[in-house]
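Please keep the sequence and the model in view while reading.

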Amino acid sequence: MVQMPIDYGKNIYHFTRIETALLYILPSHNLKLTSLLESNDPKENRTFGFWSILSEVDMSKHQTIKHAFQVFLHKNCKHLCFSLDYKKNRFFVPGFRHPTMWAHYADNSKGVCLVINREKFLLENSKLINSKIKYKSILDFPSIDWRQWEKGENSYLEKFVNKNANKLFFQKHYHWSNEHELKFIEIGQIEYCSIQNSLVGVYLGPDFDSKLNNLILELMKPYNGQIERLIIEDGEFFASPILSTNDEF
């Protein structure tokens, strides 16, 4: 059995549906950034919490600022999320061994996990800001100065977002802590991140359709990366390389 090179701390992991990987990501050598408001975190997709820190304004002004901020976030703030290697009982666990991530983001283990070299990805996408997510029981948000907003509106919001990126984008409720997330944020108009030089391999989910083996092998040739199929036995993850459609698992 050929093992995928696991160099703890070097790789980051992106889980996705097989259709997305085969039709869009691998042929284009890109990952698409999505609007922050399309997140599955209510704090983000409902902008929960941003408005509770507005004070001394009537309901009408409160709603006006809320709408303006939602529009600004939707147009200008996008994100891309990865999982990291993590520790469990003092042992390192590679980020692809993540049952909940396979279930939530990879079509209930039918999809794939892209293994990306973190350093090379940073070089390819140097304009993005990134950080590990901090998980908290109580989220604290920066205050929107409605007086300054009235003077500048969008120009103020842009400064506000850039100045307070850590609190706005890189904290989540501790219930999400099992994702061990590294997040990339674009404040601007970039829509895609390159993985042309940073994709080092792909893990296929335990329920991946083996009829697609040849297709993914062909699409991976430009990357010169390894492809392995995950197998779960007795609650443990194992990996086996694939060679063709006729491979048996």
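In which sense do strand β4 and β11 pair, and over how many bridges? Strand β4, residues 77-83, pairs with β11 in the antiparallel sense, and 7 bridges join the two. Two strands are said to pair if DSSP finds at least two bridges between them. This is a predicted model, in which local features need pLDDT of at least 70 and side-chain atom pairs count only at pLDDT 80 or more, while totals for chains, interfaces and linings use all residues. Residues are numbered from 1 along each chain as its sequence is written, and side-chain values use heavy atoms, with hydrogens and water left out.

Of its 249 residues, 46% count as buried. Buried means under 20% relative accessible area, exposed means over 50%, and partly exposed lies in between, with a 1.4 Å probe and protein chains only. Among contacts with a separation of 6 or more, 80% come from residues 24 or more positions apart, a contact being heavy atoms within 4.5 Å.

Within β11 lies E181, which is buried because its relative accessible area is 3%. The side chain of E181 is joined to that of K172 by a polar contact of 2.9 Å. A polar contact is a pair of N or O atoms within 3.5 Å; within protein, one must be able to donate a hydrogen and the other to accept it, and residues adjacent in sequence count only if both atoms are side-chain atoms. Leaving out residues up to four places away in sequence, E181 touches C81, F82, L84, S131, K132, I133, Y135 and K172.

H180 lies in the loop between β10 (171-173) and β11. Its phi is near 45°, a positive value in a residue other than glycine, and H180 counts as partly exposed because its relative accessibility is 24%. Most residues other than glycine have a negative phi, and most peptide bonds are trans. N108, in the loop between α4 (99-105) and β7, likewise has a positive phi, about 55°, although it is not a glycine. At 46% relative accessibility, N108 counts as partly exposed.

The nonpolar interior comes next. In soluble globular proteins, nonpolar side chains tend to be buried together. A nonpolar core is here a set of buried Ala, Val, Leu, Ile, Met, Phe, Trp, Tyr and Cys residues joined through side-chain atoms within 4.5 Å. The largest such core has 30 residues, of which L26, V112, L114, I116, F121 and I216 touch the most other members. Two or more residues of this core come from each of α1 (18-28), β4, β7 (112-117), β11, β13 (199-204) and α9 (213-220), and α1 gives the most, with 5 residues. I216 touches I18, L22, L26, V112, V202, L204, I227 and I242, not counting residues up to four places away in sequence. Apart from this core lies another, of 21 residues, among them L37, A68, L73 and L157.

A charged residue also belongs to the buried set. R229, in strand β14 (residues 226-233), is buried yet has no salt bridge, and the nearest side chain of opposite charge, D207, is 5.8 Å away. A salt bridge requires a side-chain nitrogen of Lys or Arg within 4 Å of a carboxyl oxygen of Asp or Glu; Lys and Arg count as positive and Asp and Glu as negative, with His and the chain ends not counted. A polar atom of the R229 side chain lies 3.0 Å from the backbone oxygen of G205.

Two helical residues complete the tour. K167 is placed in helix α8 (residues 165-169) and, leaving aside neighbours within four places in sequence, is in contact with D140, F141 and P142. E158 lies in helix α7 (residues 154-163) and, at 44% relative accessibility, counts as partly exposed.

Terms used
Helices (H or I, at least four residues) and strands (E, at least two) are DSSP runs, numbered from the N terminus.
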